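Okay, thanks for coming, everyone.

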Amino acid sequence: MAETKYGKHILRGARKETGTDKPGVKTRTLEEPEDWSGIHHRLNWKYITQPVILGEEPHSHDFDEFLCFTTLNPAEPKVLGAEIELSLGKEEEKHIINTPSVVCIPKGMVHSPVNFKKVDKPVLFCNIYLSPEYVRKPA
Amino acid sequence: MAESKYGKYIKSLPEVAAPPRRTTSLPNITVHESTVADIGGFDFNFNFVGIIAPHVLGDPPHKHDCDEILFFIPTDPDNYPDLGGEAEIALGEEWEKHTITTAAVICLPPGIQHAPIYMKRVDKPFYFGHMLLAARYGSSATPASDLEQ
């Protein structure tokens, strides 16, 4: 492709597998992102195909984070086909997610683990965070 | 009303169903100032839109004064990074065309004009969306038509 002025702002999907996948978790990556054109917020996503527990230990961040759970069938946007148990706060208050949802986590709020207890249909699990670096602070 | 001779010549607004339109996109998860006001709000908004069939997005060319990310997420992990379709986005005031056929993230620092966005082919529905560092979408956008004024 000929040299372009704006092509550098596009990060395209890469086939590289990550070494951290668990059974039932397909983490898909982008080509080497370098500096994301100087932008400081991020997103990544995983495809969850079977029950699994992620983010095992309760933790918090110094930045806002949004955990997004949605369907791989955008034609039926109200059906998740899975059940996720999420712990929020130092109390580890349990919440069940069984419809497409966003969990908004202000900086400092303890959360996790994220327990995909039932996965009848694959889930798109997208993590959005307002920082260039993803750093966890133990609860 | 009494039977009339000529009333039949008056045709009021008929009760007809709206013409069926093909569904081309469906809203999905979102965070917007109105959805998070009860938890203090965030200087951030995003949405996921399911792209179901070809169409052109309604947004005219515009730019923001804050960071934005646009994303294309495929829904078939087994064929990753194939998008399951083809989109074309115009970037810059030159409308430099870029074709997207894989998962992609487009990083737009402040001031880079973007759109139109043409969802040209949809073999399998995929997600498109934005993530903008402002409490609501459009709060910091400048339509291209205003750029030279």
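Let me start with a question: is B:Glu88 buried or exposed? B:Glu88 is buried, with a relative accessible area of 19%, where buried means under 20% relative accessible area, exposed means over 50%, and partly exposed is in between (1.4 Å probe, protein chains only).

Before I go on, some housekeeping. This is a predicted model, where local features need pLDDT of at least 70, side-chain atom pairs count only at pLDDT 80 or more, and totals for chains, interfaces and linings use all residues. Residues are numbered from 1 along each chain as its sequence is written, chains are lettered from A and ligands numbered from 1 in the order in which they are written, and side-chain values use heavy atoms, with hydrogens and water left out.

Back to B:Glu88, then. B:Glu88 forms a salt bridge with B:Lys120, the closest N and O atoms being 3.7 Å apart; the rule for a salt bridge is a side-chain nitrogen of Lys or Arg within 4 Å of a carboxyl oxygen of Asp or Glu. B:Lys120 sits in strand β9 (residues 114–122) of chain B and B:Glu88 in strand β6 of chain B, so this pair ties together parts 32 residues apart in sequence. When I say strand, I mean a DSSP run of E, at least two residues, numbered from the N terminus. B:Lys120 is partly exposed, with a relative accessible area of 32%.

Staying in chain B, there's a network of salt bridges linking B:Glu86, B:Arg121 and B:Asp123. For the pair B:Arg121 and B:Asp123, the closest N and O atoms are 3.0 Å apart. B:Arg121 is partly exposed at 38% relative accessible area, whereas B:Asp123 counts as exposed at 54%.

Over all chains, the structure holds 10 salt bridges. One in chain A is A:Lys22 with A:Glu56, with the closest N and O atoms 2.4 Å apart. That pair links distant parts of the chain: A:Lys22 is in the loop between β1 and β2, A:Glu56 is in the loop between β4 (52–54) and β5, and they're 34 residues apart. A:Lys22 is partly exposed at 30% relative accessible area, and A:Glu56 is partly exposed at 41%.

Now the interface. How many residues does each chain bring to the contact? It's 48 from chain B and 45 from chain A, with contact meaning heavy atoms within 4.5 Å. The size of an interface is often given as the accessible area lost when the parts come together. Here chain B and chain A bury about 3,800 Å² between them, 72% of it on carbon and sulfur atoms; that buried area is the accessible area (1.4 Å probe) lost on putting the two parts together, summed over both.

Between chain B and chain A the count is two salt bridges, and one of them joins the side chains of B:Asp78 and A:Lys26 at 2.6 Å, N to O. The rule also finds 13 residue pairs in polar contact across this interface, both residues at pLDDT 80 or more. A polar contact is a pair of N or O atoms within 3.5 Å; within protein, one must be able to donate a hydrogen and the other to accept it, and residues adjacent in sequence count only if both atoms are side-chain atoms.

Strand β1 (residues 10–14) of chain A is joined to β8(B) by three bridges, running antiparallel; strands pair if DSSP finds at least two bridges between them. In that pairing, A:Ile10 stands opposite B:Ile106.

Next, A:His61, in the loop between β5 (59–60) and β6 (65–71) of chain A. A:His61 counts as buried, at 1% relative accessibility. Its side chain makes a polar contact with that of A:Tyr134 at 3.4 Å.

Last topic, the backbone. Most residues other than glycine have a negative phi, and most peptide bonds are trans. Which peptide bond in chain A is cis, with omega near 5°? The one from A:Ser112 to A:Pro113, and A:Pro113 is in strand β10 (residues 111–119). In chain B, the bond from B:Tyr80 to B:Pro81 is cis, with omega near 10°. As for positive phi, A:Ser37 is near 55°, and A:Glu92 is also near 55°.

Note on methods. Helices (H or I, at least four residues) and strands (E, at least two) are DSSP runs, numbered from the N terminus.
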